[in-house]
Amino acid sequence: MNEQLDELYRDILMDHYKFPRGHKHIDQPDIINEGKNPVCGDEIKVAVSLDHDTVRDISVDCMGCAISVASGSMLVELVRGKSLDEVKRIGRAVKALLKGEEINEDIDLGDLEALRGVRKFPVRIKCALLSWTTLIDALEARPEGSETIVSSTE
Ligand code: ZN
């Protein structure tokens, strides 16, 4: 049973690695951030366009190991269309999942469940968390309640 599950998880991970979901160009993103995981050499760029406090679209461009790329791709699927508060909640749940802590909230982590096995490899946890910390750091740095100002004078 466990072996089959491992195999399934590996398949999901490799699918995200080979076909990352978040590769695209976003015009005039509201949030841009870059992150690095020097331990492994992973580098990531995240761009988000917002519709008020909802993620309208997101791109994740990750150069790195399979785990960092797959995790960034899963992030895209999970946060698109979500409110920023939800994104932060999901981010906390992902951290808990990867660190083997209890997840108190009822959150569907989708394909990210496939990264469960990463917790056995502490060095790899940083790879899996890179996209999340890069995104959430940028969200937290945003002034509270700030809204995208769309110029409408023309
Ligand atoms: Zn890595």
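N33 stands opposite V46 in β2. These residues belong to a predicted model, where local features need pLDDT of at least 70, side-chain atom pairs count only at pLDDT 80 or more, and totals for chains, interfaces and linings use all residues. Residues are numbered from 1 along each chain as its sequence is written, and side-chain values use heavy atoms, with hydrogens and water left out.

**Sheet**

- β1, β2 and β3 form an open sheet of three strands in that order, with antiparallel pairing. Strands here are DSSP runs (E, at least two residues), as are helices (H or I, at least four), and both are numbered from the N terminus. Two strands pair if DSSP finds at least two bridges between them.
- Strands of a sheet pair through backbone hydrogen bonds, either parallel or antiparallel.
- The edge strands are β1 (31-37) and β3, each pairing on one side only. From one strand to the next, the twist averages 15°. Axes for such angles are lines fitted to C-alpha atoms (for helices, over the stretch in contact), and angles run from 0 to 180 degrees between N-to-C directions.
- Seven bridges join β1 and β2 in the antiparallel sense. K36 stands opposite E43 in β2.
- The hairpin of β1 and β2 has four residues between the strands, and G41 takes a positive phi near 95° there.
- Nine bridges join β2 and β3, again antiparallel. I44 has C62 in β3 as its bridge partner.
- Two residues separate β2 and β3 in their hairpin, where H52 in the turn has a positive phi of about 55°.
- Why is β2 largely enclosed by the rest of the structure? Seven of its ten residues are buried, so the strand is largely enclosed. Buried means under 20% relative accessible area, exposed over 50%, and partly exposed in between (1.4 Å probe, protein chains only).

- D42 and C65 link distant parts of the chain, 23 residues apart. D42 sits in strand β2 (residues 42-51), and C65 in the loop between β3 (54-63) and α2 (66-79).
- Both D42 and C65 are buried.

**Cavity**

- The count is one cavity of 30 Å³ or more. On a 1 Å grid over the protein atoms alone, a cavity is a set of points where a 1.4 Å probe fits but cannot get out; a pocket is an open set with protein on both sides within 12 Å along at least five of seven lines; lining residues have an atom within 4 Å of a point.
- The largest cavity holds about 40 Å³ of space. Grid points are joined across faces, edges and corners, and a volume is the space filled by probe spheres set on the points.
- Its lining includes P20, H23, D61 and C62. β3 and α2 are the elements that give two or more residues to this lining.

**Pocket**

- The largest pocket has a volume of about 380 Å³.
- Its lining has 14 residues, of which D6, Y9, A114, G117 and V118 lie nearest the centre.
- Helix α1 (residues 2-18) gives the most to this lining, with six residues.
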